[in-house]
Amino acid sequence: MSTELIHHYSTVGEVRLHYVTAGSGPALVLIHGWPQSWFMWRGIIPALAQYYRVIAVDMRGLGDSSRPYSGYDTSTVSNDIWRLMSEVLGEQRFLVGAHDWGGPVAFALAAQHREAVRAMAILDVPVPGDGTPLAAMARWHYGFHSELDLPEALVAGREALYLNWAFDKAGASPASISQEARQEYIRTYSQPGAMRAGFNYYRALPQDVEDHQRYLAQGKLQMPILVYGGGDAKSGRANAALESWQRVGSDVSGGVADGCGHWIAEERPQWVAGRCLEFFARARSRSVLAIDLGAWRARSRELFPGVAASLTVGAA
């Protein structure tokens, strides 16, 4: 049975977001990376949609969302997603899946809304501002994309050449990104302003580092976080992704996705879907238990005020 994918547009502040929904149940928002769009999740949405209300969003400036002149720092982009989830879709608590640039956006989202984000699954990306030098997470294109106006001038009219090179280079094999996906990504990134918007994410990195360190001053993230880096030596981040998230979260697990480069969700979609379903099921069961224990504590204080104050659940 095929999964129905429904396309939507919603205006949130200055940006018009395009997003795709499928399934029903607890909410799960999927945040893509560069140079991709919601389409990178197509291989895992059917499995996730059997259990969740899946929302795969195009971030501001990318995919079929609108392209404001500014606002490409993770704090602003994550606020777009928060407003979409909470104001438009009415979801006050939700799960998050993210890849590449979607990862830092997910961090900013979770850091600003710690009670709303129940758990996160992250693919092949570190966190800017994790306490290590920024250069440690960078590859050559970080500097190129950060230069003002130069990358736009050099790739104008050559978007397909540049993007196909990136797809070939960053996968475990040149076949990691299908021809269908390449055509879809090239379609969206060839639109006016799309490449500039993508480069602006890299130009905002210094602001991201400053913002993320300010969020971390409030403490590490407490929600469960699953992180996998690509295992291919030339294109994946391997354990570096996990180690970065362990510096910013207190409940971080994961490892290395064997046989994958950077494009893990497209290289091994069934494997990713399986890991996400297992992880989110465990995280949800823990969350329900925590809610039940919290209600028990509150009720105990009402019934036994002199005793309940000294009780500590789970200390044994």
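Contact here means heavy atoms within 4.5 Å. This is a predicted model, in which local features need pLDDT of at least 70 and side-chain atom pairs count only at pLDDT 80 or more, while totals for chains, interfaces and linings use all residues. Residues are numbered from 1 along each chain as its sequence is written, and side-chain values use heavy atoms, with hydrogens and water left out.

Phe94 also belongs to the largest nonpolar core, which has 98 residues. Together with Met120 and Trp245, Phe94 is among those with the most contacts inside this core. Such a core is a set of buried Ala, Val, Leu, Ile, Met, Phe, Trp, Tyr and Cys residues joined through side-chain atoms within 4.5 Å.

Now look at helix 9, which has twelve residues and reaches 16 Å from first to last C-alpha, close to the expected 16 Å. That expected span is 1.5 Å times one less than the number of residues. Helices (H or I, at least four residues) and strands (E, at least two) are DSSP runs, numbered from the N terminus. The buried residues of helix 9 include Leu205, Val209 and His212, and the buried residues of this helix pack against helices 2, 3, 4, 8 and 10.

The side chains of Asp211 and Ser75 are joined by a polar contact of 3.2 Å. A polar contact is a pair of N or O atoms within 3.5 Å; within protein, one must be able to donate a hydrogen and the other to accept it, and residues adjacent in sequence count only if both atoms are side-chain atoms.

On a 1 Å grid over the protein atoms alone, a cavity is a set of points where a 1.4 Å probe fits but cannot get out; a pocket is an open set with protein on both sides within 12 Å along at least five of seven lines, and lining residues have an atom within 4 Å of a point.

| Space | Volume | Element giving the most to the lining |
|---|---|---|
| Second largest pocket | about 320 Å³ | helix 6, four residues |
| Largest cavity | about 50 Å³ | helix 12, four residues |

Residues lining the largest cavity include Ala121, Tyr228 and Trp271.

How values were computed: Buried < 20%, exposed > 50% of the residue type's maximum accessible area, 1.4 Å probe, protein only. Points joined across faces, edges and corners; volume = space filled by probe spheres on them.
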